[in-house]
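Here are my notes from an afternoon with this model. I jotted them down in the order in which I looked things up.

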Amino acid sequence: MTQVPAGPSIASVADLLAVAYRIEADAVQRYTLLADQMQAHNNAELMHIFRDLARAEGLHAEEICRLSGDPALLERAQSLTDWPEGESPEEADLGATHYLMTPWHALQLSLQCEKRALEFFSSVVETTRDPKVKEMAAEFVEEEAEHVNLVYRLLRKYPRPTGSWPDDSDTARAQD
Amino acid sequence: MPDVDSLSLAIVGSGGAGALTAGNILLEAACAAGWYGLMTRTVGPQIRGGEAAALVRLATGPINCMADRFDLLVGIDWLNANRFGAEIEVGSHGLVVSDPRGGDLPAVVARAGARVVEIPIKELANSIPDGRPNMIALGIAARLTGVDVSVLSSVIDKRLAEKGQGAIDASHAALKAGFAAAADLDAGMTLAPPAPRTTRRWLVSGNETTGLGAIRGGVRFAAAYPITPASEILEWLAPNLCRMGGTLFQAEDELAAINMIIGASFGGTPSLTATSGPGLSLMIEALGLATAAEIPVVIVDVMRAGPSTGIPTKSEQADLNIAVYGFHGDAPHVVVAPQSVEDCLFTTQWGVYLAEALQVPTIVLSDQFIGQAVAAIDRPADVAFIGHRSTALDPAAGYKRYALAAGGVSPMAIPGARGGQYTADGLTHNERGTPTSGESDHRAQLDKRREKLEAFSYGDHWATLEGRGELAVVTWGSLTGVVREALDRVRAAGCDVRLIAPRLLLPVQPKQFNAALNGVKRLLVVEQSHGAQFYRYLRAHYDLPADVRTLHRPGPLPIHRQEVEHAIAQWGP
Amino acid sequence: MGPVMSSIEPRLTCKPADYKSDINPIWCPGCGDYHVLMSFTRAFAQLGLAPEKTVVVSGIGCSSRIPAYINCYGFHGVHGRALALATGLKLTRPDLTVVVASGDGDGYSIGGNHFLHACRRNIDMTYVVMDNRVYGMTKGQPSPTTEPDFDTALSPGGTGLSPFHPLVIALASGANFVARTFSGRPNETADVLVEAIRHPGFSFVEVLSPCVTFRPDERAWKQQVHPAPVAATNDPAKAARRIMTDDGFNIGILYRGERRPYRPKIGGSSVELASLEQEFEL
């Protein structure tokens, strides 16, 4: 039996839209943070990838906004707090980045995010009793599935890096 | 018997005899009667019961140093008094009153050639119920100095009030007995009567005036870690800060004390701590932080003999180097040095004012001699230097804590000011305060911090300048009083001589110093430092005449006027 | 009058983003401190703290860089002395919310003495130590919480010294609130910070925050942390025993004490300056 997904309770379409918006908004913030990290650590390629991912998630968020038409959507989304461990499904793992990470790594991270989001909406579909919520959640499932496929296609462009990817012949520098 | 303008007496005793109490009472009574006075002391290393000598000088006019030797010694006993060495040297013209059962005269006293008279002080004390030997000694001292017994009695009443009437009565009785026992003694000199008092007078120590100067300057928070000989500053501040709506807080160590006052100052409260050499060494890192983050704080260093633990109860002038040069990196800051018990008030207050105006740490280099000496002084005039800090009360958007501007002082946002949020940092920073390792910001901020000190107008307070002539004596701190009296005698003998005593040691004042040296051909530097720190400081920063000599030695013995006179005499006309 | 609470006046719309400054952190990607920063901003938002009445004080180390990344007043002091700075500040400005940020090196080694006395004094402030069991900023030396067999350049083969228990030390020294959290659970950490700041007196929160560069093994912490099996106690001895017998990964609020926070004796209204000199008058 599918568990009710961990996270804010969804009792209505309005709830679902708020949650969905929040998921995208958090993803935007997270990818932006990672892009800033990469910029600070001079990994330009990854900076661009994360900025692109942030932009993409931003577009998803705007979509949901248009879909909703609710002027209070943003506030509702902001006030949600029930994510386990404080991380919403599409937030890339902050602990999984590395200053020398490659595009393959970033896409793997993104893949995890999209899969988690897909799982989340799937379990909403499975567990909700509200037919409208079910219908809309199913649409989100399709959306996320498309995102997952997109990431898989992108991954074909980037081979898995060899074991030496984190090698840095310079030793660490003490700063303070 | 000749009238003298100055008379010096020492009361020596050990093991709880109460020699210091006797000296304090004598001083207070004499000064209440209108004389000026100065008292220091010398003690053994024990916490209680050790050997002690109260060293008192009374005079008809203001004095800032001790005489070259004592005219009168009253020895309750001489146990371990050899330890005092030349500190209790008596003149050959002098009079020594000695208890025959009090042990052998110390060598320096025995060979002085002074008259020695025996009075059985302890026996007399024992003959009075609850009689104490120090009161007998006090009675003898009253007879020899001319201080009125009734004035002494009122001081005793005041000081022993909490010990009860029994103790007071016994003390009066012993005082009278001592006076009677000395009735036939001829001191060989009489202290000239005091002029009628026209000024308000204080009886106060340098450490106390330091505390008062701090509060007058605006200090309302002090963090304390006790250390000899600075603890009295903190002890005086504890209740008095509280009465002024401020607070003193004891820290776990000097590292905490200095950081606490930096934190308090960051929050907007003028703050101070007091320590001695070892404590200042610990505080140096944090002083660098206050310099870099431009946070005003005042640190009083009551110098004692060093290095390391040194001689905690003795004075020296050997913390000049660490105060001026001790910070790592280039860290311009302010160092001031009071010149007397009275000057501790002005100089500390000025130090607070400078710290706040320039947003910089200020070190006040006092020393054990003036810190712990008790003096009768004319009430110092009120001084207008109250600390005022340039603050950003209503920071505009884009506020920059360390903005470059003419004069180098940038307004400081105090927590609570909306829009002024910044992070104070010891890391090199840009105008906003954000850490940077860039060349231009580092240079710009170094320039700013130097400019704010150099652009400031310090006025005449930077030094004491007296006299004229081609010969000048440069000194600082507590030696100013010694040199002044020595030069009075030199001038009285017909020789012109100048006194130059800088009060502001950092930032250096080349223009003013050169002006003070205009026409000087011979310069004598006088200081209490084994390594001649002040002489090397003068050489490093100022243009000196070709002919320079130094009179320098370390503690524990004070430098005397006659040493200065002798050095000048040796130099010839 | 009840225990001192700094004035926490909630603002109407407080979002964590309001508390982020525009300075980009220099922490390594993957560092636990990014999560801790999130927890700080979430906690401040939850409390509705006025940025201009909040001060984050730190020492030296990676964790100590945090004040500049937060929109509030900050003090990045010298190594080990953050608690002393904060003490002077809070004593003279009890109206401010003071949070102290440190690491296991800055806080437990050079800062150890000040740690004891801050707990003892119980002045109202919150002390957050980001413990990564290593000196990160200076390239990987052992800290007082490092395991004895951890190999480093300064201690080849490990120090052979047992780490001590900072939480127990805090309890023994008188801290009024003791908690342990994990950076990888930023919401939980934020909630604990909120309670810590609200709790009167000295609140101590140790945040296990992995160092991705020098302790990659700490990635395993994510699986190792678990909620403490019992709710917080108000008995310090009980709390101490629990902590000394746990595996070091119990997270949650472990102790909530009831000591009154310290307030300095400050005279009511100030007297005339001239009255201070009366004792000197002859």
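**Confidence, chain A.** I started with pLDDT, since this is a predicted model. Chain A averages 90, and 99% of its residues score at least 70. I then went through chain A by element: helix α4 (residues 103–127) has the highest confidence at 94, and helix α3 (residues 73–78) has the lowest, at a mean of 87.

**Where B meets C.** Next I turned to the interface of chain B and chain C. Chain B brings 58 residues to the contact and chain C brings 50. I looked up the buried area too: about 4600 Å² between the two chains, with 61% of it on carbon and sulfur atoms.

I looked at the pair R379(B) and E277(C), whose side chains form a salt bridge with N to O at 2.6 Å.

Which elements of chain B supply the side that touches chain C? Those giving two or more residues include the helices α1 (19–32), α7 (206–217), α8 (231–243) and α10 (277–293), as well as the strands β9 (201–205) and β11 (247–250). α9(B) gives the most, with eight residues. I sorted this side of chain B by class and got 29 nonpolar, 15 polar and 14 charged residues.

**A strand pair between chains.** I followed β17(B) over to chain C, where three bridges join it to strand β2 (residues 73–76). The two strands run parallel. In this pairing, T423(B) stands opposite G74(C).

The partners are 20 residues apart, with E89(B) in the loop between β5 (70–75) and β6 (90–98) and R69(B) in the loop between β4 (52–59) and β5.

The peptide bond between T228(B) and P229(B) is cis, with omega about 0 degrees, and P229(B) lies in the loop between β10 (221–224) and α8. I noted another cis bond from G306(B) to P307(B), with omega near 0 degrees; P307(B) belongs to the loop between β13 (297–303) and α11 (320–325). Finally, N80(B) is not a glycine, yet has a positive phi of about 60 degrees. I placed N80(B) in the loop between β5 and β6.

How values were computed:
Residues numbered from 1 in each chain as written. Chains lettered and ligands numbered in written order. Predicted model: local features only at pLDDT ≥ 70, side-chain atom pairs only at ≥ 80, totals over all residues. Heavy atoms only, no water. Contact = heavy atoms within 4.5 Å. Buried area = accessible area lost by both parts, 1.4 Å probe. Salt bridge = Lys/Arg side-chain N within 4 Å of Asp/Glu carboxyl O. Helix = DSSP H or I, 4+ residues; strand = E, 2+ residues; numbered from the N terminus. Nonpolar A, V, L, I, M, F, W, Y, C, P; charged D, E, K, R; others polar. Pairing = 2+ DSSP bridges. pLDDT = per-residue confidence, 0-100.
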